[in-house]
Structures are given as structure tokens and as C-alpha cells.
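Please read the following report alongside the sequence and the model. It moves from single positions to the ligand site and then to the nonpolar core.

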Amino acid sequence: MRIIVILPMAGPEWARKVLMGAAANVLILGGGFAGIESATYLRRQLPDAQLTVVSDRDYFLFKPNSIYIPFGLDPERLKVQLPRALKKKNIRLVSGYAREVDPERKRVRGTNLDLQYDYLVVATGATMRADEVPGMTEHAATIWTTDAMLDLRRQLADSVTRAKGGRTERVLFLVPPNNKCSGPLYEMVFMLDTYLRRERVRSNFDLSWTTYETGYIQAFGPRLHEYTAGEFERRGIKHYNSMVVQSISSDHVRYANGTQLPFDLLISFPPYAAAIAYPGLPADERGFIKANLTTRQVSGLDDVFVAGDAGDFPVKQAFLAFLQADAAGEQIAARILGQEPRLGFDPVSMCVMEQFDRATFAQVPLELTGNADSPVRVRPGSAADYRLGTGKIWRLGKKLLGAYLPWRFRAARPFHAGLPWKAMDLGLRIMSRLLATPDRSQK
Ligand SMILES: Cc1cc2nc3c(=O)[nH]c(=O)nc-3n(C[C@H](O)[C@H](O)[C@H](O)COP(=O)(O)OP(=O)(O)OC[C@H]3O[C@@H](n4cnc5c(N)ncnc54)[C@H](O)[C@@H]3O)c2cc1C
């Protein structure tokens with residue numbers, strides 16, 4: 001039997017939130033950045049809605065700080081246990097693996113799953129496709145999972161031991177086409193350079209960088225390219241862009257332009273694809289779900305939204321995943337409450353690139369180009385907001401973010417909300433105004 005409630009369209013906001021929200025059933029697939037941010041954002045807006053997160057693991061992983069694992073960090077320190085956290089805000093956690101969305105019947109099915117929804121947020125992220133590059137699975141160390149990072153730690157330790165024994169070690173870095181988040185590999189090469197200097201073995205290492213990109217950290221525009229090229233020069237790292245990998249053997253990489261580069265250790269960030277391609281949802285050729293840029297509503301489906309790496313926004317980043325999750329959560333809450341949404345996804349990326357001896361901050365307003373080879377560009381006319389800063393102080397920014405986010409998620413609170421976020425945001429803005437410069441090349 002269904003009870004029909006007359007819902008108040010006017011009256012105190014809290015009353016509407018409680019009464020109208022209580023009737024809603026929102027299902028969120030994925031327990032990563034986008035999934036937990038959507039769920040906790042929705043909880044703030046809808047105190048009594050039925051919110052369910054489906055996750056194939058019982059912890060949230062703070063992936064950006066997994067760059068420290070090869071240099072000694074214990075992966076356990078990057079985990080937030082979801083059952084304890086979500087219980088605090090009465091968000092149900094279902095353990096299972098989603099495989100199929102049936103938009104007509106409003107159901108999600110999968111391993112251990114058959115769930116109904118009124119609104120759905122898909123936030124199941126991306127996966128790596130090392131097998132798309134011949135030889136990568138067999139011959140390259142990769143960065144993505146914590147296990148891969150631990151394996152890289154072992155391989156680096158072996159390299160350092162050989163170098164200390166007097167050998168020259170050749171370490172080659174490789175970004176292949178279809179990698180959608182090259183930044184972390186740039187962090188790894190600069191961190192490794194600093195680490196080797198501290199270990200006093202840098203002179204026995206020959207470091208080289210290759211990327212398919214036409215500019216370094218191409219998605220973030222010419223300023224990042226210039227800065228990064230200068231950093232390679234300063235550190236004595238050979239660097240090449242527009243190098244498309246063709247195949248990898250046990251000791252060299254062959255590129256499409258005929259170049260071959262030898263290595264003792266190859267470190268790569270593989271091509272991306274959606275973690276799961278859902279039959280029933282519109283997607284591009286790599287399984288990324290097509291959605292309206294601003295609202296994150298999945299194309300052609302009124303009550304399905306996508307946030308984070310699972311969606312078709314071409315740059316995959318945790319910071320952008322948060323912005324998308326907030327936009328999706330806001331759209332759903334506004335629909336349920338009969339209000340106008342107060343925010344949409346505005347792709348302004350923010351990142352801090354670790355280098356161990358310093359860090360580099362970038363704020364980059366992006367726009368889509370419609371061109372598959374270079375799908376985003378820095379927004380024209382955004383000189384004042386396209387900001388770059390570098391120095392030791394930015395390492396503090398990275399550390400603060402690394403502490404703030406797990407703290408918020410442990411309390412089942414969204415990243416971008418409340419007084420703590422206002423304080424973080426203000427701090428970042430002040431640092432950005434004082435310590436990062438705008439783009440002076442644009443008029
Ligand atoms: C080494 C590294 C460093 C990075 N550094 C940065 C950085 O400094 N700054 C930055 O902004 N970004 C960074 N990123 C990118 C960032 O981590 C991703 O963009 C972010 O994790 C995307 O969040 P998400 O929620 O979309 O996906 P994820 O965080 O991958 O979460 C997806 C979740 O869904 C679960 N899942 C998958 N499939 C299913 C299924 N079928 N059913 C149920 N559950 C499922 C997964 O287990 C996972 O918990 C880095 C990435 C890496 C690998």
C-alpha cells in the first residue's frame with residue numbers, strides 16, 4: 001500500500017526538505033570521490049531521503065596520495081572505511097558490483113544486486129587498459145592500483161641497489177594515447193629525481209620522459225607546458241612530446257615516428273576506459289557515459305546522472321569529480337524539492353603537483369573544443385583565473401588537502417561544504433592570489 005502525502009510547496013525550508021525528501025530513493029553507484037561526494041552532498045540537502053551507495057569494496061581510497069607509496073607510504077593510510085563513515089549519516093552501503101542499468105524499470109542489477117531507484121548517480125570511475133599497448137602488461141611498471149604502486153616500489157629499490165653498485169640505470173617514463181590524467185606521472189618523474197638526489201645516486205640514473213601529448217600536461221594549456229619543459233631542463237631529464245608508443249619489448253620502447261628508446265625500468269600510466277560499460281546507458285567508444293556538461297544528466301534519461309571518471313568529460317581528475325558530484329547532487333535535490341538548482345558543473349580544474357623539493361599549483365578554467373585530438377582548452381579570456389604558482393609552500397597545500405578530505409569523508413560530510421570548506425577555500429584563494437601568477441600572455 002502506498003501512502004499519499006500532500007507535500008508543502010511553500011513554508012519553512014527544513015520542513016520541505018524533510019517531507020519531500022523523505023519520499024525519495026536515490027541510488028549511487030561507486031564509493032570513490034564522485035560517489036561519496038554525491039551521497040554526502042545529497043544527505044545535506046535531503047535529511048530524510050533514502051540514500052544508498054553501492055560499492056565493490058568497503059573502503060574509499062584517497063588515490064591522489066598513492067604517489068607516495070613507491071617511496072614508502074603504507075597504502076592502508078589512504079583508506080577510509082565506508083561502513084562506519086556512511087552509517088553516521090544514515091546512508092545505506094550495499095556491497096556489490098553493478099553491471100546493468102535498466103532505465104525503463106528504474107533498476108540496477110549486478111553481482112549480489114537488484115535495486116530500484118527514483119534517481120540514479122553513476123560514479124563507478126575508470127579502469128586501465130594496459131593491454132591496448134603491445135608489451136605494456138609484460139614489461140612496464142604502471143601507476144593506478146595500490147598493488148601496482150607497491151610493485152613499483154620494489155622495482156625502484158632494485159634499481160637504486162644496482163645504481164649504488166656502480167651501474168647506470170635507465171628509467172623511461174611513458175604516457176600513451178587515451179591516458180586521461182597524465183599529471184600523476186609527471187609528479188612521479190619529478191619526485192623520483194628529487195628522491196635520487198637525496199639518496200646521492202642521481203648521477204647513476206639516466207631519466208627520460210616521453211608522452212603522446214603535443215604539449216606537457218597538454219590539457220592544462222601552454223603555461224603548464226612551458227613550466228614543465230623548464231623543470232625537465234633544470235633537473236637534467238631528457239624529454240620528448242608527440243611520441244606515440246607503438247610497442248614495448250623487454251628493454252626498449254618503439255614509437256610511431258621510428259624512434260626506439262632503451263630502458264632498464266619503464267614506468268607508465270596506461271590508457272583509460274570506463275570501469276564498466278553499462279548496456280542501456282549512452283556512452284562513447286571507451287564506455288564513458290554521455291551527459292549534459294553542466295547538469296551531468298545522462299543524455300536522454302531524466303533521472304540518471306553521472307559524475308567523475310565514469311562520465312564523458314575528457315579530463316579525469318578528483319577535483320573535477322567533486323564538482324560534477326555536487327552538480328549532480330544539486331540537480332537531484334532541486335528536482336525533489338521543486339526548486340531551481342543553485343549550481344552546475346563549471347570545469348575549473350585545480351591541482352597541486354608534488355615534486356618532493358617543491359610543489360606546483362595550477363588553476364585552469366577549461367572548455368570543450370569538440371576536437372577529439374585535443375578535447376579541452378584553457379578558456380579564452382580567462383587570463384586572471386588561469387593561475388600558476390610553485391614553491392615549497394605549495395607542498396603544505398597538498399598536505400592540507402590530503403588531511404582535510406579523508407577527515408570529511410570519515411564524518412560522511414561533503415568536500416565542498418560547511419565552514420571547514422569555506423576556510424580551506426579562503427586559504428586556497430589567498431594563497432592563489434598571493435603566490436600564483438595569472439596568465440600575462442592573454443590580453
Ligand atoms: C596515482 C594517481 C594520482 C592522482 N592524483 C590526482 C590529483 O593529485 N588530483 C586530482 O584531482 N586527481 C588525481 N588523480 C585522479 C583521481 O584519483 C580520479 O580522477 C578520481 O579517483 C576519480 O573519482 P571517481 O569517483 O570518479 O572514481 P574512483 O575514485 O575510481 O571511484 C570509483 C569507485 O567505484 C567502485 N566501482 C567500480 N566499478 C564498480 C561497480 N561496477 N560496482 C560497484 N562499485 C564499483 C570502485 O571500486 C571505486 O571505489 C590521480 C589518480 C591516480 C591514479
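Gly165 is found in the loop that runs between helix 5 (146-164) and strand 12 (169-175), where helices (H or I, at least four residues) and strands (E, at least two) are DSSP runs numbered from the N terminus. The model is a predicted one, in which local features need pLDDT of at least 70 and side-chain atom pairs count only at pLDDT 80 or more, while totals for chains, interfaces and linings use all residues. Residues are numbered from 1 along each chain as its sequence is written, and side-chain values use heavy atoms, with hydrogens and water left out.

With a relative accessibility of 68%, Gly165 counts as exposed, a class that requires over 50% relative accessible area, whereas buried means under 20% and partly exposed lies in between (1.4 Å probe, protein chains only). Asn204 is 39 residues away from Gly165 along the chain, and their C-alpha atoms are separated by 9.6 Å.

**Other single positions**

Leu320 belongs to helix 8 and counts as buried, because its relative accessibility is 0%. Ser247 lies in strand 15 (residues 245-248) and, at 24% relative accessibility, counts as partly exposed. His416 has its place in the loop between helix 9 (393-410) and helix 10 (418-435), and its relative accessibility of 14% makes it buried.

| Pair | Separation in sequence | C-alpha to C-alpha distance |
|---|---|---|
| Leu320 and Phe33 | 287 residues | 9.6 Å |
| Ser247 and Leu27 | 220 residues | 42 Å |
| His416 and Asp326 | 90 residues | 7.9 Å |

**Backbone with positive phi**

Most residues other than glycine have a negative phi. Asn90, although not a glycine, has a positive phi of about 55 degrees, and this residue sits in the loop between helix 3 (82-87) and strand 5 (92-95). Arg296 is a further residue other than glycine with a positive value, its phi being near 65 degrees, and its loop lies between strand 19 (272-274) and strand 20 (304-306).

**The ligand site**

Which residues come nearest to the ligand? Of the 31 residues around it, these are Ala34, Asp56, Lys63, Ala98 and Asp309, a residue being near a molecule if one of its heavy atoms lies within 4 Å of it. By class, this shell holds 15 nonpolar, ten polar and six charged residues; here Ala, Val, Leu, Ile, Met, Phe, Trp, Tyr, Cys and Pro count as nonpolar, Asp, Glu, Lys and Arg as charged, and the others, Gly among them, as polar.

A backbone N or O atom of Ala98 lies 2.9 Å from a nitrogen atom of the ligand, and a polar side-chain atom of Arg57 is placed 3.4 Å from a ligand oxygen atom. For Ala318, a backbone N or O atom lies 2.9 Å from an oxygen atom of the ligand. Taken alone, the ligand exposes 990 Å², of which the protein buries 95%, with accessible areas taken from the Shrake-Rupley method and a 1.4 Å probe.

Two or more residues of the shell come from each of helix 2 (33-45), strand 2 (50-55), strand 6 (97-102) and helix 8 (318-337). The shell also draws at least three residues from each of domain 1 (13-125 + 275-345) and domain 2 (130-272), the domain bounds coming from an automatic or database domain assignment.

**The nonpolar core**

In soluble globular proteins, nonpolar side chains tend to be buried together. The largest nonpolar core in this model has 110 residues, and those with the most contacts inside it are Phe60, Phe173, Leu185 and Trp209; such a core is a set of buried Ala, Val, Leu, Ile, Met, Phe, Trp, Tyr and Cys residues joined through side-chain atoms within 4.5 Å. Helix 8 supplies the largest share of this core, with twelve residues. The core draws at least three residues from each of domain 1 and domain 2.

Technical notes: Polar contact = N/O pair within 3.5 Å; in protein donor to acceptor, adjacent residues only side chain to side chain.
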